[in-house]
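Subject: Structure handover

Hello,

Here is the structure I promised to pass on. My notes follow below it.

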Amino acid sequence: MKRIYLDNQSNTKLDRRAFEAMLPYFEECYGNPQSIYSLGAVSKDALEEARKDVANLIGAHPEEIIFTSCASESNNLAVKGLAQALKSKGRHIIASAIEHFSVLNSAKRLEKEGFEVSYAPVDSKGNVDKDELKKLLRKDTILVSIQHANPEVGTIQNIKELVSIVKENSAALFHTDAVCACGVIDVNVVDLGVDALTLAASVMYGPKGAAALFVKKGVKIIPQTDGGVQEFSKRAGTENVPAIAGFGQACKIAARELESNAAHIQKLRDKLIKELPEKIEHIYLNGAVSNRLAGNVNFSVEFVEGEALFLLLDAKGIMAASGSACANKNLKLSHVLAAMNVDVAVGQGSILFTLSKYNTQEEIDYVLNEFPAIVQKLRDMSPLYSHFLKTGERKIAGPGTDYDHDHDNDHCQIENS
Amino acid sequence: MAFYSEKVMDHFANPRNVGEIENADGVGEVGNPVCGDMMTFYVKIKDDKVEDVKFKTFGCGAAIAVSSMVSEMAIGKTVDEVMNITNADVAKELGGLPPNKMHCSNLGADALHRAVENYKSKQGK
């Protein structure tokens with residue numbers, strides 16, 4: 001059975017070289033980096049070596065890197081930790097509408113603590129609206145958090161420009177979740193002008209269990225895990241040395257191979273983006289065209305539903321994702337597609353292929369061969385499609401029509417009886 | 001463990017009774033494209049018995065599997081028997097559904113019942 005992995009926004013395959021860099025720290029070098037005897041010192045060296053490699057990738061100083069366990073933890077630490085440190089200066093926070101849930105839900109948590117949160121809207125391609133962002137800035141705005149690149153639709157924000165808008169019009173700090181950007185495009189914290197930045201190993205061919213938060217020298221942050229002195233007393237807990245060693249190696253490799261990887265991946269992406277619409281009618285690209293992640297392909301396939309699409313793809317050995325309501329555990333259309341004002345019925349057919357350096361031309365050809373038949377199979381059983389074929393019109397749906405029967409338009413879920 | 005049972009995957013990948021019935025005795029439709037699932041059921045009824053069922057479904061794996069399962073369950077049953085098929089019966093026949101997919105089984109039973117009600121209302125005229 002073929003296995004073609006095209007869900008690299010959720011996790012990448014571990015690079016063999018990163019894996020090998022981890023191995024000594026499982027069995028032989030098991031000392032706690034905080035212990036001052038020799039075995040501890042070996043672990044400490046690995047930790048600090050990795051810190052340098054991570055810092056190098058993003059143009060930071062090693063002492064500006066705080067290791068965490070995952071991107072969600074980094075985003076929690078950034079949003080809550082920076083806001084709490086500045087609460088005497090103001091209580092207003094801005095996040096973009098398409099942030100990861102670890103940013104959005106951290107902001108929600110802060111709302112319960114008395115902060116006020118505004119959401120910066122995006123246009124139909126997923127670009128943060130600069131004028132709207134400017135309008136949202138206030139005297140008491142203390143933090144702005146805007147993702148560098150969106151994992152679902154691939155849109156890359158002009159962070160440098162957004163930072164200057166924020167800095168010219170407020171005293172707020174700027175955090176960016178750069179998980180999808182790091183290792184894919186050049187990211188330099190000095191050039192971008194950000195105060196904090198999140199990156200993670202698991203989507204750049206490193207292991208799960210290691211991520212980092214860059215916090216600019218001099219910026220105060222309140223720890224979200226209290227305990228010992230690890231990570232400059234900003235994140236307590238015994239360090240995951242093997243994972244961090246793998247993370248460091250992954251950063252080193254990414255810095256070296258970024259350009260050649262991006263060229264390879266983008267070629268495959270462009271083939272899919274060009275040829276899928278030639279083979280399948282009524283499909284629409286979601287996200288930006290030019291400022292787009294090298295590996296991101298997201299189409300809305302009209303008249304069919306996304307989970308059904310990726311299940312049939314899986315049966316052919318192709319692993320992909322979808323932003324449809326049924327594919328989401330909470331049964332809501334992806335908040336990213338919703339924020340971009342993608343037609344809700346059409347967005348239910350979203351299918352997301354995210355490519356990696358390990359994908360090949362042959363794999364993409366296989367997808368191009370198999371996918372049209374899968375779409376056709378589902379369209380052949382879709383009442384929306386037969387209605388369209390018979391009448392040339394889209395089935396009108398929504399509140400007040402016959403198709404609204406028993407449905408709460410907010411989440412469309414009939415209560416279990 | 002796989003997200004869906006083997007039986008769900010079988011009915012999803014090889015759905016039975018997909019299609020439409022011309023001059024059907026009853027047609028029932030539930031769901032909403034905006035919600036990501038919509039089902040249209042067609043029934044052919046003779047001497048109070050469901051002779052044939054066809055459906056078209058827009059939806060996720062569970063929605064398609066439920067449609068296929070409920071169509072199989074209905075064929076050969078009397079109108080009253082069909083009206084007594086519950087969503088729980090459908091889910092049980094499928095070897096269970098993930099909790100967040102249970103509403104799909106409601107839709108399947110509802111769509112079938114609507115088609116039969118449509119037949120009954122025509123009979124009443």
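Which residue of β3(B) stands opposite B:Lys44? The residue is B:Asp52.

Before the rest, two remarks on conventions. This is a predicted model, in which local features need pLDDT of at least 70 and side-chain atom pairs count only at pLDDT 80 or more, while totals for chains, interfaces and linings use all residues. Residues are numbered from 1 along each chain as its sequence is written, and chains are lettered from A and ligands numbered from 1 in the order in which they are written.

The sheet of chain B

Three strands of chain B make an open, antiparallel sheet in the order β1-β2-β3. Strands here are DSSP runs of E with at least two residues, helices are runs of H or I with at least four, and both are numbered from the N terminus. Two strands pair if DSSP finds at least two bridges between them. β1 (26-32) and β3 (49-58) of chain B each have a single partner strand, so one side of each has no neighbour in the sheet. Direction ignored, neighbouring strands are turned by 15° against each other on average.

β2 (residues 37-46) of chain B pairs with β3(B) over nine antiparallel bridges. Besides the pair in the opening question, B:Met39 stands opposite B:Thr57 in β3(B). The two strands form a hairpin with two residues between them, and B:Asp47 in the turn has a positive phi of about 50°.

Seven of the 10 residues of β3(B) are buried, meaning that 20 or more other C-beta atoms lie within 10 Å of the residue's own; 12 or fewer make a residue exposed, anything in between partly exposed, and C-beta atoms are placed from the backbone. Helix α15 (residues 383-391) of chain A lies across β2 and β3 of chain B, at about 85° to β3(B). Helix α2 (residues 61-74) of chain B also packs on the sheet, touching β2 and β3 of chain B, and its direction makes about 175° with that of β3(B). Contact means C-beta atoms, placed from the backbone, within 7 Å. Axes are lines fitted to C-alpha atoms, for helices over the stretch in contact, and angles run from 0 to 180 degrees between N-to-C directions.

B:Asn17 lies in the loop between α1 (6-13) and β1 of chain B, and its phi is positive, near 65°. B:Asn17 has 19 C-beta neighbours inside 10 Å and therefore counts as partly exposed. B:Asn23, in the loop between α1 and β1 of chain B, has a positive phi of about 55°. B:Asn23 is exposed, with 6 other C-beta atoms within 10 Å.

Chain A

Chain A is assigned domain 1 (16-254) and domain 2 (259-397); the bounds come from an automatic or database domain assignment. Taken over C-alpha atoms, the centres of the two domains are 30 Å apart. Each domain gives 17 residues to the contact.

In helix α4 (residues 71-85) of chain A, 13 of the 15 residues are buried, so the helix is largely enclosed by the rest of the structure.

Chain A also has an open antiparallel sheet of three strands, in the order β9-β10-β12. Its edge strands are β9 (283-285) and β12 (350-354) of chain A. Three bridges join β9(A) to β10 (residues 296-301) of chain A, and A:Leu285 has A:Phe299 in β10(A) as its bridge partner.

Regards

Note on methods:
Two residues are in contact if their C-beta atoms, placed from the backbone, lie within 7 Å.
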